[in-house]
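Please read these notes with the sequence and the model open side by side. They are meant as points to check by eye.

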Amino acid sequence: MSTPVLTTASQVMCTHGGTAILTTTNSLLTASGSQVLLESDIHQVVGCPFTVGVVYMPCVTIQWQAAATTLKVSGAPVLLATSVGQCMNASNAPQGVAVASNPSSLLSAL
């Protein structure tokens, strides 16, 4: 069964409600006029309010895994609606899983 892909028009948030800035190195493949995201893309997070006690420890990046196995751009697998984005703080410590929405229904992959 194929799964819709994530694009720069998708929405991705960290576990705590911060917003990912979706940019990609992909300039070859688009869906619905938006660039398809790649597993190798690392997205910046803004507006994460996460604190531990009184220490502000926001998510600052999202790193991806579990991308498509059959669809690649320049050797990099494309991100799917089911891909897992790990939210990381400034020390590269994991802080939860990203929540993605609005995948492109015009392109899907395995």
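Predicted model: local features only at pLDDT ≥ 70, side-chain atom pairs only at ≥ 80, totals over all residues.

1. The faces of strand S6. This strand covers residues 43-46. The side chains of His43 and Val45 point to one face and are buried.

2. The partners of S6. Strand S3, residues 19-21, pairs with S6 in the antiparallel sense, over three bridges. Within this pairing, Ala20 has Val45 as its bridge partner. S6 is also joined to strand S9, residues 61-65, by two bridges, and these two strands run antiparallel. Here the bridge partner of Gln44 is Thr61.

3. Apart from neighbours within four places in sequence, Thr61 is in contact with Ile42, His43, Gln44, Val45, Gln86, Cys87 and Met88.

4. The cysteines. How many disulfides does the structure hold? The number is zero. For Cys14, the closest cysteine sulfur is in Cys48, at 3.6 Å, which is too far for a bond. For Cys59, the closest cysteine sulfur is again in Cys48, at 3.9 Å, also too far for a bond. The reasoning rests on a cut-off, because a disulfide needs two cysteine sulfur atoms within 2.5 Å. Cys14 is buried, with a relative accessible area of 2%. Cys59 is buried too, at 1% relative accessibility.

5. Ser32. The phi of Ser32 is near 55°, a positive value in a residue that is not glycine. Most residues other than glycine have a negative phi, so this angle deserves a second look. Ser32 sits in the loop between strand S4 (30-31) and strand S5 (34-35). With a relative accessible area of 52%, Ser32 is exposed, because exposed means over 50%.

6. Asn92. This residue also has a positive phi, about 65°, although it is not a glycine. Asn92 is found in the loop between strand S12 (84-88) and strand S13 (94-97). Is Asn92 buried, partly exposed or exposed? At 47% relative accessibility, Asn92 counts as partly exposed.

Definitions and conventions:
Residues numbered from 1 in each chain as written. Heavy atoms only, no water. Buried < 20%, exposed > 50% of the residue type's maximum accessible area, 1.4 Å probe, protein only. Helix = DSSP H or I, 4+ residues; strand = E, 2+ residues; numbered from the N terminus. Pairing = 2+ DSSP bridges. Contact = heavy atoms within 4.5 Å.
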